[in-house]
Amino acid sequence: MATLEDIGVSALINILTAFAFLLAFAVLRIQPINDRVYFPKWYLAGERSSPRSSYGTLVGKFVNLNFRTYLTFLNWMPQAMRLSEPDIVRHAGLDSAIFLRIYTLGLKIFAPIMVLALIVLVPVNVSSGTLFFLKKELVVSDIDKLSISNVRPESSKFFFHIGLEYILTFWTCFMLYLEYDKVASMRLQYLASQKRRPEQFTVVVRNVPYMSGHSIPDTVDQFFKTNHPEHYLCHQAVYNANKYAKLVRKRERLQSWLDYNLLKYQRHPEKRPARKTGFLGLWGKRVDSIEYYTQQIKEFDERMSMERQKVLKDSKLMLPVAFVSFDSRWGAAVCAQTQQSKNPTLWLTSWAPEPRDIYWQNLAIPFISLSIRKLVIGVSVFALVFFYMIPIAFVQSLANLEGLERVAPFLRPVTRLSFIKSFLQGFLPGLALKIFLWILPTLLLIMSKIEGYIALSTLERRAAAKYYYFMLVNVFLGSIIAGTAFQQLESFLKQSPTEIPRTIGVSIPMKATFFITYIMVDGWAGIAGEILRLKPLVIFHLKNMFLVKTEKDRERAMDPGFVDFKETIPTLQLYFLLGIVYAAITPILLPFILVFFAFAYLVYRHQIVNVYNQQYESCGAFWPHVHGRIIASLLISQLLLLGLLSTKKAARSTPLLIILPLLTLWFHKYCKNRFEPAFRKYPLEEAMAKDKLEKETEPELNMKAYLADAYLHPIFHSFEEEEIEQEEMVEVRVDKHQAHTSSSMPETGSPSPPHQLYHHSSSSPSHYTAAATYEQSSSEYEYRYEAYSHEYRYG
């Protein structure tokens with residue numbers, strides 16, 4: 001059991017670690033060479049230029065020689081607070097602004113509760129002295145005297161704890177109501193103020209039925225012309241292009257190696273780069289690297305062309321999925337929020353995610369396999385939770401050396417050493433738990449991808465839910481149960497079975513010491529490590545050293561990152577759970593929680609303003625989950641306190657707690673009915689108002705042209721961009737040598753520019769055809785396209 005000395009050692013280690021990270025960050029962020037690592041968001045927005053150009057000396061381009069700036073190493077904190085919340089919404093998006101509000105909500109809830117608990121409950125707990133009489137039976141420490149465990153059974157002092165639980169519940173619900181109302185208003189206002197976006201007019205249709213003699217595009221077109229004749233505009237069919245996407249990624253890797261060798265040759269033109277043709281270049285014939293990768297890319301382009309034609313011609317690769325677009329928001333809202341068929345398993349419609357939010361690989365999953373996948377993943381997550389109980393129990397053994405000594409006395413010579421004892425009990429358990437949890441979010445995200453969700457935001461929310469349940473069972477309940485059983489093992493073995501519940505009731509609050517060490521490791525030192533960005537810093541300089549040759553390459557080398565919702569939000573919910581549960585049991589934990597919320601708010605505000613570039617925008621779709629899990633924390637707190645008081649034989653005061661869970665559930669149901677529709681549905685009134693305004697301001701708007709390529713698969717986007725770049729290179733070369741005009745035929749050996757011709761097909765309003773030819777000399781790429789339906793390009 002960690003003592004005050006152990007907690008002090010842990011606090012010292014974590015404070016020094018956090019200070020070292022902050023000091024290193026303060027020094028690194030003002031160096032000109034690191035400017036793109038610590039301010040990438042401003043570079044991506046085009047509002048910041050490299051400070052290296054303003055320094056005259058060679059050393060000044062790499063090292064900041066203005067020593068006065070080193071004295072203001074904490075000025076990043078007031079700088080992070082300068083932007084107002086509306087400015088953050090405009091600068092970083094609504095998701096980022098709402099994410100920051102979770103931290104301020106924690107401060108609003110726990111700051112007054114902490115003051116009240118420390119003033120009222122701590123003196124009540126200290127004055128009881130029950131643990132003085134039980135110290136021969138149980139492993140106790142000075143910190144436990146500040147908890148409810150120190151109150152004598154049948155004491156009237158339990159009314160103070162019940163009163164604080166009532167105050168905590170009402171105050172938390174009041175703050176949650178205000179916050180839910182504010183966030184819902186922010187979401188509706190953000191949606192109303194948004195400019196025209198493709199997802200506002202588009203729904204995704206899944207489980208399209210097969211009709212004999214009709215292709216899927218014809219079936220979709222006929223169905224929506226019949227059932228949505230006034231607003232249906234066009235649709236885009238989806239193909240299984242996962243194999244083609246893999247080829248694209250492999251070609252990009254080959255292109256990166258070619259760029260690297262070209263850069264290497266450009267820097268040292270006296271020596272051509274060479275490599276061996278064997279595995280990883282370790283053996284085989286030695287060849288010219290530039291010629292080798294150029295030939296590899298040419299062969300790969302041929303494979304990609306064959307695979308592309310296979311995708312376009314094979315009807316088996318056409319998926320029963322389509323993106324259906326409408327000429328108005330109102331028409332899309334009606335379609336997305338209604339049942340389309342008498343058979344509820346067919347023609348399933350929902351709002352299409354924004355294009356950058358789509359997880360394209362999962363569109364190829366047959367609808368019938370989704371239920372099977374969810375069942376398999378559910379069983380796997382259940383098994384994973386219990387598998388992790390083994391390392392969690394091991395971590396708890398480190399946190400309870402006194403209990404271990406009573407069972408294994410031969411360990412006493414090691415554990416009695418003062419510094420080793422303080423380190424093992426005060427710092428190592430929290431660090432070990434943090435390491436065990438490090439790989440888990442990525443693993444759970446992979447599981448969510450296997451389940452088949454088609455939006456990145458949904459994938460992250462599902463992974464976050466799994467991670468939260470995992471931490472609830474393993475980190476919270478597992479730490480309490482496994483740690484208590486191990487810690488009080490001798491007491492359990494010697495007591496009669498009727499006394500075990502009383503021992504558990506007394507010892508559960510003692511786990512606050514372990515959670516204090518975990519908060520300091522994860523919430524203090526861990527958050528300080530977040531702002532240092534050591535991994536992106538090293539990767540950027542390695543790329544800058546070997547791969548960067550143009551400004552565009554340098555921009556690609558920047559890794560701004562993003563708020564990892566699948567990990568940060570469940571971690572936040574764990575801190576809410578710890579603070580709410582232990583507020584009335586061991587209130588000494590609350591100051592550590594409050595320091596975390598304040599410090600993390602500053603760090604993430606700085607990162608959101610200067611660093612992170614979010615992958616997508618869900619308009620705060622995660623907030624109902626945050627609200628629901630804070631409500632769950634209240635219920636757990638109430639039930640846990642109810643169980644503790646029952647072991648304390650507080651028959652007079654315990655019934656007063658029974659009404660609290662009922663009131664909490666009623667409040668949750670009210671908020672769910674009152675606010676959650678704003679996160680699930682789009683009001684038709686709002687849709688109609690925006691449509692009318694748009695028709696008045698832009699009467700000549702061509703919606704079909706606007707939506708034509710909105711949901712084009714990214715691999716085709718990348719191909720078109722490359723083609724355009726090649727066309728620009730051709731035009732520059734032609735203009736330079738004045739060989740011919742754009743309308744004349746090219747001379748032999750000179751490349752001809754590509755031509756893209758799009759036109760409507762008579763069979764469907766969604767059909768376009770394209771013809772493109774592109775020829776280069778034998779040493780360059782070769783693309784040839786036949787005419788094909790435009791919708792074939794989606795998938």
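So, which helix is glutamine 79 found in? Glutamine 79 sits in α4, residues 76–80, where a helix is a DSSP run of H or I with at least four residues, numbered from the N terminus.

Before I go on: this is a predicted model, where local features need pLDDT of at least 70, side-chain atom pairs count only at pLDDT 80 or more, and totals for chains, interfaces and linings use all residues. Residues are numbered from 1 along each chain as its sequence is written, and side-chain values use heavy atoms, with hydrogens and water left out.

Okay, pLDDT is the predictor's confidence in each residue, from 0 to 100. The chain averages 77, and 75% of the residues score at least 70. Over residues 720–795, though, pLDDT is below 50.

Back to glutamine 79. It counts as partly exposed because its relative accessibility is 32%; buried is under 20%, exposed is over 50%, and partly exposed is in between, using a 1.4 Å probe and protein chains only.

Now, serine 618. You'll find serine 618 in the loop between α27 (590–610) and α28 (623–647). Is serine 618 buried or exposed? Serine 618 has 13% relative accessibility, so it counts as buried. And what does serine 618 contact, leaving aside neighbours within four places in sequence? That would be Asp95, Arg187, Ser457 and Arg461, with contact meaning heavy atoms within 4.5 Å.

Last stop, leucine 534: that residue lies in helix α24, residues 534–546.

Definitions and conventions
Helix = DSSP H or I, 4+ residues; strand = E, 2+ residues; numbered from the N terminus.
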